[in-house]
Each structure stands twice: as C-alpha cells, then as structure tokens.
Amino acid sequence: GHEKTTVSCVEDAISHPSSRFTLQIGGSLIRDVFIQLSRFQGFPYNPDPSSLQDFVLLNQIAEKTCTLDIESSKISEQEFSVSKYDNTTSTKSVRTFSLATAFEGIVAPMSLFQPELMEFQGPRYLRGMSRTQGEPEDPHDDNYLSDTSRKYNKTGDIQGEEQEFEDLDQVDQGGTENSEHKPGCELVIPLDQAILRSIGSIQSEDIRRRMLVNILLVGGGSNTPGLQMYLQNKLNVQVVGGVEVLKDTRECGVDAICWRGGAILSGMETAQELWIRQGEWCKSGVRLLRERSLFSWM
C-alpha cells in the first residue's frame, strides 16, 4: 500500500490472526527515498509539500523510474513539466525539467528489504494483531471465551493450574510482555523476513508448506517492475525446497484485487445475512459485530 505493507496467511478466505503483521513502510516512503537520493545528484525541481499537483508529479516520477529489475536498469534521462498559475498576473506558465537517474531507481524500492535506507524519515515499526482489550457492551467477547476455555476442559472439569495460566502472559502476537519481538516496540524488519515470520506463526506444517508456494502479491506497490522475481529469489535462499511468488493480473490489476473481492462478496446471496439494520443495532449493539463479521474486527 501507499503507507503500509501488510502480511497475512489466508486459508479458505479466512485470515489467521496470529499471522497478521503490518510494516510501516509503503509506496510513499519508497518515493521519499527516491527523491532524497535524487537531491544528492541535483534534483532539478523544488516541490511544494502542500501542493497536490507536486504530490502527484513526484509519485508519477517515482513509479516510472523505480524498479527491481536489475538486469534492465540503466542510466536514463527523462523530462517532466510543471505548470504554475500566477494569481497576480492571471497567467499560466509551464517549465520543463530534465532528470537523469542511475542507481536511484533501484536503491529506493530496495528499502523494502533494507529498512535502514528509510532512517532519515524516523523509526518505523512492525506491528502484529494485538490482544483485544475486551468490549464492555459484549459480555461474551473474545476475553470471556478465552478465559472460560482455559478454565474448563470438554468434560467440564477444571484443568490444572499450569494449563489455566499457560497463555495468560501473552499480550500481543509475537511474544510475551518481556519479549523483544513485541509488535509496536520492534523496529520494522525486511519484507522477506516478515513473510517468513508470518508463515512460521502457523502451527500446521501442511499449511505452512502450502503458504510457501502460494505467496500472492496484491496492491499498487506490487506493480514495481522486478519485485516479484526479486522477492522470490530472496526467499529461495532462505527456504529449503523453494517458494513461489505469484501476481494474478488475469481479471484486474493487482491494485484493484481487494476492491474486486469486496464487490464479489457484496453480490453473494449469503452476504445479505451480514447486513446490520438500525433496529438490530439499537437492540444488540456491538455484539452483532462478533456474530455477523467475517473477521476479527477488534
């Protein structure tokens, strides 16, 4: 995405909560790294941070230039035009600039795998799915279900003390209170490491193996030329048996897959049961979200 990169293991249309990780890096940071590197080489234009026109222009330049296809990369020169409107004279002027790039277009997207390139923008973090704090209006929320399932086994007998408190110290996905991998406190890690950690959080070896050969890239950032093969090569070095990185563009662009999925879901007959009407909400409140939502909403 533009502001973040999300990794999750999805099986039968359901995302595993333990596998959800969010990296605070995205297309906007790749653009900023590219512009910063270009300034070192003499970027010919000084953009206005408050200008929407300059924002769009910088995005277009970065999307056109950034690539991870190292074999096809070369020194290139491109021209871009900037139009300005003078309110005092009511005239419009157009200026054309020439930009020469060499390594900048490759180094910028590599920041997905080398986050230290983004240090000039401040620290970025890796976040997992936090343990829910509970919902006062829902007496049978996840905390209630978790506590009762710990205390009683299937026959209704109270379990041993070790079993009862086995997981109570788990406050966030990734570790315990004193864990150095507590999301929100851990600095962002390379994309390939985040993928392996997400898959590694799945207990079933069968599912992990299926995930490794079905890594699907979605979102506008995956349109970066060479990203698919570069990521696959990075993972193949670390995984015995190799992996397969996919990018499905048969029916729509990768930047519209989520929208298309939502459109398909809303048109299904079963989706009609997911609507929450005003009367139901007034009567039951947030409890309906637990009953109707297809995913953990907290």
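**Salt bridges, nonpolar core and surface of the predicted model**

A salt bridge (a side-chain nitrogen of Lys or Arg within 4 Å of a carboxyl oxygen of Asp or Glu) joins the side chains of E11 and R210, with an N to O distance of 2.8 Å. E11 belongs to strand β2 (residues 10-11) and R210 to helix α7, so the pair ties together parts 199 residues apart in sequence. Helices (H or I, at least four residues) and strands (E, at least two) are DSSP runs, numbered from the N terminus. The structure is a predicted model, in which local features need pLDDT of at least 70 and side-chain atom pairs count only at pLDDT 80 or more, while totals for chains, interfaces and linings use all residues. Residues are numbered from 1 along each chain as its sequence is written, and side-chain values use heavy atoms, with hydrogens and water left out.

Relative accessible area was used to class residues as buried (under 20%), exposed (over 50%) or partly exposed (in between), with a 1.4 Å probe and protein chains only. On this scale E11 is partly exposed at 21%, and R210 is partly exposed at 42%.

The salt-bridge rule gives a count of 4. Among them is the pair D54 and K84, whose closest N and O atoms are 3.7 Å apart. D54 is in helix α2 and K84 in strand β5, so this pair ties together parts separated by 30 residues in sequence. D54 is buried, at 1% relative accessibility, whereas K84 is partly exposed at 36%. Another salt bridge links E186 with R197, the closest N and O atoms lying 2.9 Å apart. Here the loop between α5 (161-164) and α6 supplies E186, and helix α6 supplies R197, so parts 11 residues apart in sequence are tied together. E186 is buried at 9% relative accessibility, and R197 is partly exposed at 26%.

E186 also has a C-alpha atom 5.8 Å from that of Y125, a residue 61 positions away along the chain. Y125 is located in the loop between α3 (104-107) and β7 (126-128) and is partly exposed, with a relative accessible area of 25%.

A nonpolar core is defined as a set of buried Ala, Val, Leu, Ile, Met, Phe, Trp, Tyr and Cys residues joined through side-chain atoms within 4.5 Å. The largest such core contains 49 residues, of which F34, F43, F80, F113 and I195 touch the most other members. At least two residues of this core come from each of β4 (21-23), α1 (27-40), α2 (52-65), β5 (76-86), β6 (91-101), α6 (191-200), α7 (205-212) and α8 (227-238). Helix α1 provides the largest share, 6 residues. With residues up to four places away in sequence excluded, F43 is in contact (heavy atoms within 4.5 Å) with I35, S38, L58, I61, F80 and L99.

On the surface, L52, F55 and V56 form a nonpolar patch with about 280 Å² of accessible area together. Patches consist of residues with over 30% relative accessible area and no salt bridge, like charges being joined within 9 Å and nonpolar side chains (Val, Leu, Ile, Met, Phe, Trp, Tyr) within 5 Å. Accessible areas come from the Shrake-Rupley method with a 1.4 Å probe; for residues, only the protein chains shown count as cover. F55, in helix α2, is partly exposed at 36% relative accessible area.

The count of disulfides (pairs of cysteine sulfur atoms within 2.5 Å) is 0. C9 is buried at 3% relative accessible area, and C66 is buried at 7%.
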